[in-house]
Amino acid sequence: MPELEDHPRSEHEDRISSSLRGLYREAPVALPLPYDTVRRRGMGRRRRRRAAAGAVAVAVCAVGLLSSGAVWPGRQQGAAAPATAGPTPAPSTGTSAPLPSRDVAGYVDLTEHTVRVRSGTTILRTLPATAGRPDFPTPTGTMKVADKQASPHMSSSTGPTVQPSGGGEYEPTLSWCVRLIAGDGRSTYVCGMNWYGPDILGHENRTFGAVGLNTEDARWFFDHVQVGDPVSVVNPDRSAPGGTGPG
């Protein structure tokens, strides 16, 4: 293998080398510190570390005292610290004021074929209705709203018997159903029954026990009563089955 021959450097390379040597000569050189200065700086760092460790220890002790109740004698662990500012509240005398109660009630008149809803002494609306026919009378008495279902799926064996039928099972299309229940467990429904027209609603009782309204009125009733509201179902006609009239 032939030996590499030195080749003459160019003027450009000479200028670069000269510049690098000049930078090296001009670079500042750190002079060694005197021994006393080095020792004094080391002692200062140690003192600062000791002070920081002491502050952490004091903070940990303070947290422990606050948690144990030692700062306030008689204070149990977990109890709130005594107030340090602000006026002392006056002791409570008597019970707190009761929350305002709803005063909405329904009234189903099986003889007038109506459902009325009042708020206080004001009648909000009177809705034309149909109810149980004589051989399937609607239960009467003072009831309460038990629950509500906007689109229930019911049959004659599982839900309100409402739709005239030739017998057997049927799948009525109901809407905006409100279930009413009496104290003895008897119950009935107020539902939208869109197969009954204005010639029936407000004039005749044609259902198999439930109270029927048109869909719009059923939605209004559904929206204005809540679970727990009282609803009285009455039949002033004493001769009708299930009547609640005088005598």
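Student: How do you know whether C177 and C191 are buried or exposed?

Tutor: Buried means under 20% relative accessible area, exposed over 50%, and partly exposed in between, with a 1.4 Å probe and protein chains only. C177 and C191 both fall in the buried class. This is a predicted model, in which local features need pLDDT of at least 70 and side-chain atom pairs count only at pLDDT 80 or more, while totals for chains, interfaces and linings use all residues. Residues are numbered from 1 along each chain as its sequence is written, and side-chain values use heavy atoms, with hydrogens and water left out.

Student: What makes the link of C177 and C191 a disulfide?

Tutor: A disulfide is a pair of cysteine sulfur atoms within 2.5 Å. The sulfur atoms of C177 and C191 are 2.2 Å apart, so the pair meets the definition. A search of the whole structure finds one disulfide. The link of C177 and C191 is right-handed, with 120 degrees about the S-S bond.

Student: Which parts does the pair of C177 and C191 tie together?

Tutor: C177 lies in strand β5 and C191 in strand β6, so the pair ties together parts that are 14 residues apart in sequence. Strands (E, at least two residues) and helices (H or I, at least four) are DSSP runs, numbered from the N terminus.

Student: What makes β5 and β6 a pair of strands?

Tutor: Two strands pair if DSSP finds at least two bridges between them. Five bridges join β5 to β6, so the two strands count as paired. They run antiparallel, and V178 has V190 in β6 as its bridge partner. The two strands form a hairpin with four residues between them, where G185 in the turn has a positive phi of about 100 degrees.

Student: What other pairings involve β4 or β6?

Tutor: β6 and β7 pair in the parallel sense over three bridges, with C191 opposite G212 in β7. β4 (residues 141–149) and β5 (residues 175–182) are antiparallel over six bridges; M143 stands opposite A182, and K148 has V178 as its bridge partner. β4 and β8 also run antiparallel, joined by four bridges.

Student: What makes β6 largely enclosed?

Tutor: Five of the six residues of β6 are buried, so the strand is largely enclosed by the rest of the structure.

Student: What makes D217 count as buried, and which residues does D217 touch?

Tutor: D217 has a relative accessible area of 6%, so it is classed as buried. Contact means heavy atoms within 4.5 Å. Not counting residues up to four places away in sequence, D217 touches R125, L127 and P128.

Student: What puts V115 in the buried class, and where is V115 found?

Tutor: V115 counts as buried because its relative accessibility is 0%. V115 is found in strand β2. Leaving out residues up to four places away in sequence, V115 touches Y107, V108, R125, T126, L127, A129, V211, L213 and F221. V115 and T126 are eleven residues apart in sequence and 5.7 Å apart in space, C-alpha to C-alpha.

Student: What makes a group of residues a nonpolar core?

Tutor: A nonpolar core is a set of buried Ala, Val, Leu, Ile, Met, Phe, Trp, Tyr and Cys residues joined through side-chain atoms within 4.5 Å. The largest one here has 24 residues, of which V108, V115, V178, L180, V211, L213 and F221 touch the most other members. β1, β2, β4, β5, β7, α3 and β8 each supply at least two of its residues. Apart from this core lies another of nine residues, among them C177, Y189, C191 and Y196.
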